[in-house]
Amino acid sequence: MRQDWLVAAVLGVSTLATAQQPKVINAQLHTQPAGAGLAATVNQLQHANGPLWFGYEVPTTPGSRFSACSGGSHSTDDDGCCGVYRLEESDNTWHSGDRDEKSQTSIDILVRIDHEGIDKIRVVGSGCQIDAGGLSFTWLTNVNQDDSIAWLSGLVKSDQRHITDEALSAIAMHESQKGTAVLEGFASSANPLWLREKAAFWLGAGRGHDGYLALKKLAADPDAEFRKKLSFDFFISHDAAAVDDLIRMAKSDQDTPVREQAMFWVGQKAGAKAVSMLKDIVENDPEVGVKKKAVFAISQLPRDEAVPELLHVAQTNADPAVRKDAIFWLGQTHDPRALAYFEKILAQ
């Protein structure tokens, strides 16, 4: 009997030793399995004396690059961290990017409980050092990522909008395809516009090709105000095909404000496709207001692309109002080619 007990104890120690532990300091640290399911485990923690934090690790979307920083600092370490992430500071920030941050394969979801309710949700790259501000911190093991998405989904319609925002962003960072399906559900017409817009943003910002496919379906939505916001979601999508859908929206959406908004974002994209589309609208769109929006979008292109096109519009377009706008935006470039054109006009 004693030998059996000893084997069990050794196996238990071995299991704990191989489980990845967070780097938590300044905390009353506990470890607890979430074998009963995440929702049941959180419910148990909510009845403990708070405030307190708990956290768990899940795989993140391939190629995720972000860092979580305290005090507005930026990532300088090789591990993508910003030194110590202080949970109890109010100026913690999260940012995504493509430059200095290390590509993550897993993330830590960190949740603050106070007065038996969910108070904050934070996401940091796994392996970053966390300061819990002297509070109790429970690290949950064996959390299934689909279980995590399901639990976070239950927080999305919280009365506290910051919890909605934090839950949606955390869902978007999960590797599981369920994350895309859940966000697409929140972006559907069954939900209020404010929630649809937030969910669609994360489809574009965080869900890669699957998110792009979801946006593509949403582009046929009858709500023009929603489609107008959707143009930005195509703009921020990392999928190369998204620019084609943005161009289609700018050229053929039935609602003029939607076309104008899409045109603005096409102008920020630059590239041969964007220039060609904007030139076509300036020449052929039946609405003068839309033509003028296209001229503005051209002005937002890199100078070496914008100036020749603005000069062409100013010199050749049949509509005086469109030519006037092109001349105005040429003046804002302070480019020598624009100045030479103005001198030519004044000399006539």
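## Overall picture

In the protein chain, take the contacts with a separation of 6 or more: 66% of them come from residues 24 or more positions apart. Keep in mind that this is a predicted model.

The protein chain has 348 residues, and 47% of them count as buried.

## The nonpolar cores

Now for the inside. The largest nonpolar core is made up of 81 residues. Which residues have the most contacts inside it? They are Phe54, Tyr56, Ile109, Ile118, Ile121, Trp151 and Leu278. There's also a second, separate core, this one with 11 residues, including Tyr85, Val124, Leu135 and Phe137.

Let's pick out Leu278. If you skip its neighbours within four places in sequence, Leu278 is in contact with Met263, Val266, Gly267, Ala294, Ala297, Ile298 and Leu301.

## Two helices side by side

Next, have a look at helix α6 (residues 193-206) and helix α8 (residues 224-236), which pack with their axes 8 Å apart at an angle of about 20°. Angles under 35 degrees count as roughly parallel, so α6 is roughly parallel to α8. Their crossing is right-handed.

What does α6 bring to the meeting with α8? On the α6 side there are Leu193, Arg196, Glu197, Ala200, Phe201, Gly204 and Ala205. Facing them from α8 are Glu225, Phe226, Lys229, Leu230, Phe232, Asp233 and Ile236. Sort the residues of this α6 and α8 contact by type and you get eight nonpolar, five charged and one polar.

Methods. Residues are numbered from 1 along each chain as its sequence is written. This is a predicted model: local features need pLDDT of at least 70, side-chain atom pairs count only at pLDDT 80 or more; totals for chains, interfaces and linings use all residues. Side-chain values use heavy atoms; hydrogens and water are left out. A nonpolar core is a set of buried Ala, Val, Leu, Ile, Met, Phe, Trp, Tyr and Cys residues joined through side-chain atoms within 4.5 Å. Buried means under 20% relative accessible area, exposed over 50%, partly exposed in between (1.4 Å probe, protein chains only). Contact means heavy atoms within 4.5 Å. Axes are lines fitted to C-alpha atoms, for helices over the stretch in contact, and angles run from 0 to 180 degrees between N-to-C directions. Helices (H or I, at least four residues) and strands (E, at least two) are DSSP runs, numbered from the N terminus. Angles under 35 degrees count as roughly parallel, over 145 as roughly antiparallel, 65 to 115 as roughly perpendicular and the rest as oblique. A crossing is left-handed if the near helix is turned anticlockwise from the far one by less than a right angle, and right-handed if clockwise. Ala, Val, Leu, Ile, Met, Phe, Trp, Tyr, Cys and Pro count as nonpolar, Asp, Glu, Lys and Arg as charged, and the others, Gly among them, as polar.
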